[in-house]
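Dear colleague,

Please find the structure handed over below. My notes on it follow.

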Amino acid sequence: DSDSYFFKGFQFNHSLFFTFILPIIIFCSSYNSKIESTLKYLRFILLFSVSGTFFSFILTGSITYCLNAQKFFTINVPIKEQNDTKIYYVDLSILEIFQFSASICAIDSVISLAFLMEDNEPKLNAISLGESILNNAVSISLFNSVGDLKEEENIFKFVLPFEMLLYGFFIFLLSIIIGMSIGVFHALFLRFMKKYNINRVQEISTLLLFGFISFIICDCFNLSSMTSLLACGLCMSHYTFYNLKYQTREESALISYSLNIIAEGLVFSSLGMTIVYYTLHMMSVRFIITELILIIICRIFTIYGQIKILEICGVKQKYFKIKNMHKFTLANIGTIRGVVSYGLSII
């Protein structure tokens, strides 16, 4: 018992992660992103992060539900006294399945960007950064929308995934509008405050404060606070940035980048320690392998399948022209799951 209590100290604190660390990562990443590159490749970012995430959510949730209904997922528990193993079936509710489906759709941005340097691969870097940030926001919106639904857990309707999808899209869109509104309002606020000659510390303080306001507003109304932070940060990087003093522009970028690196370092350090805690738990090998296969299938469709469908539908190839090597790179890097996926799965 004392050993179990000791190892619980290594458990990942999801409340701390979603309240403090993740907002810093989302806001600082979006504020430091180059809006010109994001707009230039926006068609790829929306295609991969929005429609690709929605497809992955429906396919993963539906297949997992069917296999769970057939009692496909099992856990083998060894019995020391009898030198044998006992099989237990994993029984998940429908809401648990689709919440897990939403969480497993969140790709990792830190590891992917570590392989795609902006100087060497500017196009892949812009697409990967925009997709990862927006993908995480969409996944969190879907996760929250599934949790808000009041359905009978033992009844599966064909339209249920699409109801979740529509509700998640509504939350996602409304959160973006709130975030963009606050970002634009902050730019106007700074322009109005120029006549009062506020100092650089006050300018940076209001930058972080208004980002926190967008987070609080959406959190109070049960919307996607991460999506709001994303939209707010992108608006500030384009509008607010040019209303700051010249020195404050450089300082704000440096401070936000430093906060982002510190937050990411804390998360990965905590995840490394968490492995010690979860080695004490039994795992379903079938479940792990199945979800890994579904991740690969969904990623292949997201990168290759969607572009092919657009070509078949008559969309001009020049609008979605991307090299085969770039497709292969995005498909492989997009299979990595990170802190957002893990954080959602343990709530």
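In which helix is the place of Tyr 167? Tyr 167 lies in helix α8 (residues 160-193); helices (H or I, at least four residues) and strands (E, at least two) are DSSP runs, numbered from the N terminus. This is a predicted model, in which local features need pLDDT of at least 70 and side-chain atom pairs count only at pLDDT 80 or more, while totals for chains, interfaces and linings use all residues. Residues are numbered from 1 along each chain as its sequence is written, and side-chain values use heavy atoms, with hydrogens and water left out.

Tyr 167 counts as partly exposed because its relative accessibility is 31% (buried means under 20% relative accessible area, exposed over 50%, partly exposed in between; 1.4 Å probe, protein chains only).

Helix α9 (residues 200-220) has 21 residues and should span 30 Å at 1.5 Å a residue, which agrees with the 30 Å between its end C-alpha atoms; the expected span is 1.5 Å times one less than the number of residues. Asn 199 caps the N-terminal end of α9, with a side-chain oxygen 3.2 Å from the backbone nitrogen of Val 201. Buried residues of α9 include Glu 203, Phe 210 and Cys 218. Asn 222, which follows α9, has a positive phi near 55°.

Positive phi values also occur in two loops. Lys 71, not a glycine, has phi near 55°; Lys 71 sits between α4 (42-69) and β1 (74-79) and is exposed, at 52% relative accessible area. Asn 197, in the loop between α8 and α9, has a positive phi of about 55° and is exposed at 60% relative accessibility.

Yours sincerely

Definitions and conventions:
Polar contact = N/O pair within 3.5 Å; in protein donor to acceptor, adjacent residues only side chain to side chain.
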